There are 2 protein chains.
Amino acid sequence: MKNYIKDFRSTNKISQAELATLTGVTRQTINAIENNKYDPSLKLAFDLANILHTSVDELFVNNVEE
Amino acid sequence: MKNYIKDFRSTNKISQAELATLTGVTRQTINAIENNKYDPSLKLAFDLANILHTSVDELFVNNVEE
DNA sequence: TATAAGTGTAAAACATGTTTTACATTTTTG
DNA sequence: CAAAAATGTAAAACATGTTTTACACTTATA
């Protein structure tokens, strides 16, 4: 699973910490997701898309190959 | 989180068991998600959307109020 | 109406996502 | 350049998602 959080975050001029606060998770969670340590829950994916003014389908790309 | 899996499944004329096989999870998982026992992982959400010929953003709706 | 196919459900074990606490390194700015 | 802000990271505890096994109930079909 690839994501464009960093790009959208930069476009929206917002830090990992701010994005964390706005989505109600910790900064570590945002950092881990950006660095592909794991994927967010579906709910968090939607919250991230909302705050970053985009959609889940645009924010993430599902690598069909595992 | 609300989902339209049952509706899309019906449109695509496919059983819970078939959808499970196609997405690589168990029938119980599909059943639990349809009945809102829990939300799928982001990857499973994408796989479901693909198989059901729709998008994550159309298949699920994020209830902003927790 | 009998049988098969489809659906609902449950508990235990296991896998993945998130928090907490804490510190190190890098980047930005006065 | 010094200080502040931002980012990377790690381990333990906790929360949520998924499998396995198993059985009961309902709906479709011969």
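The structure is a predicted model. Chain A can be laid on chain B with an RMSD of 0.0 Å, and the two copies are thus related as by a two-fold rotation axis. Within chain A, helix α2 crosses both helix α3 and helix α4.

**Relation of the two chains**

- Leu42(A) is the residue of chain A that comes closest to the rotation axis, its C-alpha lying at 2.4 Å.
- Of the interface residues of chain A, 100% are also interface residues in chain B, so the copies meet through the same surface.

**Annotated domain in chain A**

- The UniProt record, an unreviewed entry, places the feature "domain: HTH cro/C1-type" at residues 5–59 of chain A.
- This span is 67% helix and 0% strand.
- The end C-alpha atoms of residues 5–59 of chain A lie 7 Å apart.

**Helices α2 and α3 in chain A**

- Helix α2 of chain A covers residues 16–23 and helix α3 of chain A covers residues 27–34; their axes come within 8 Å and cross at roughly 115 degrees.
- Because angles of 65 to 115 degrees count as roughly perpendicular, α2(A) and α3(A) are described as roughly perpendicular to each other.
- The crossing of α2(A) past α3(A) is right-handed.
- On the α2(A) side, the contact is made by Gln16(A), Ala17(A), Leu19(A), Ala20(A) and Thr23(A), which meet Arg27(A), Ile30(A), Asn31(A) and Glu34(A) of α3(A).
- By class, this contact has 4 nonpolar, 3 polar and 2 charged residues.

**Helices α2 and α4 in chain A**

- Helix α4 of chain A spans residues 42–51, and its axis comes within 10 Å of that of α2(A), with a crossing angle of roughly 115 degrees.
- α2(A) passes α4(A) in a right-handed crossing.
- From α2(A), Leu19(A), Leu22(A) and Thr23(A) meet Leu44(A), Asp47(A), Leu48(A) and Ile51(A) in α4(A).
- The contact of α2(A) with α4(A) has 5 nonpolar, 1 polar and 1 charged residues.
- Leu19(A) and Thr23(A) of α2(A) take part in the contact with α3(A) and also in the contact with α4(A).

**Helices α2 and α3 in chain B**

- The axes of helix α2 (residues 16–23) and helix α3 (residues 27–34) of chain B come within 8 Å and cross at roughly 115 degrees.
- α2(B) is therefore roughly perpendicular to α3(B).
- α2(B) passes α3(B) in a right-handed crossing.

Notes
Residues are numbered from 1 along each chain as its sequence is written. Chains are lettered from A and ligands numbered from 1 in the order in which they are written. This is a predicted model: local features need pLDDT of at least 70, side-chain atom pairs count only at pLDDT 80 or more; totals for chains, interfaces and linings use all residues. Side-chain values use heavy atoms; hydrogens and water are left out. Axes are lines fitted to C-alpha atoms, for helices over the stretch in contact, and angles run from 0 to 180 degrees between N-to-C directions. Helices (H or I, at least four residues) and strands (E, at least two) are DSSP runs, numbered from the N terminus. Angles under 35 degrees count as roughly parallel, over 145 as roughly antiparallel, 65 to 115 as roughly perpendicular and the rest as oblique. A crossing is left-handed if the near helix is turned anticlockwise from the far one by less than a right angle, and right-handed if clockwise. Contact means heavy atoms within 4.5 Å. Ala, Val, Leu, Ile, Met, Phe, Trp, Tyr, Cys and Pro count as nonpolar, Asp, Glu, Lys and Arg as charged, and the others, Gly among them, as polar. Copies are superposed by least squares on the C-alpha atoms of residues with pLDDT of at least 70 in both. UniProt positions are given in the numbering used here, feature names are shortened, and annotations may be inferred rather than shown by experiment.
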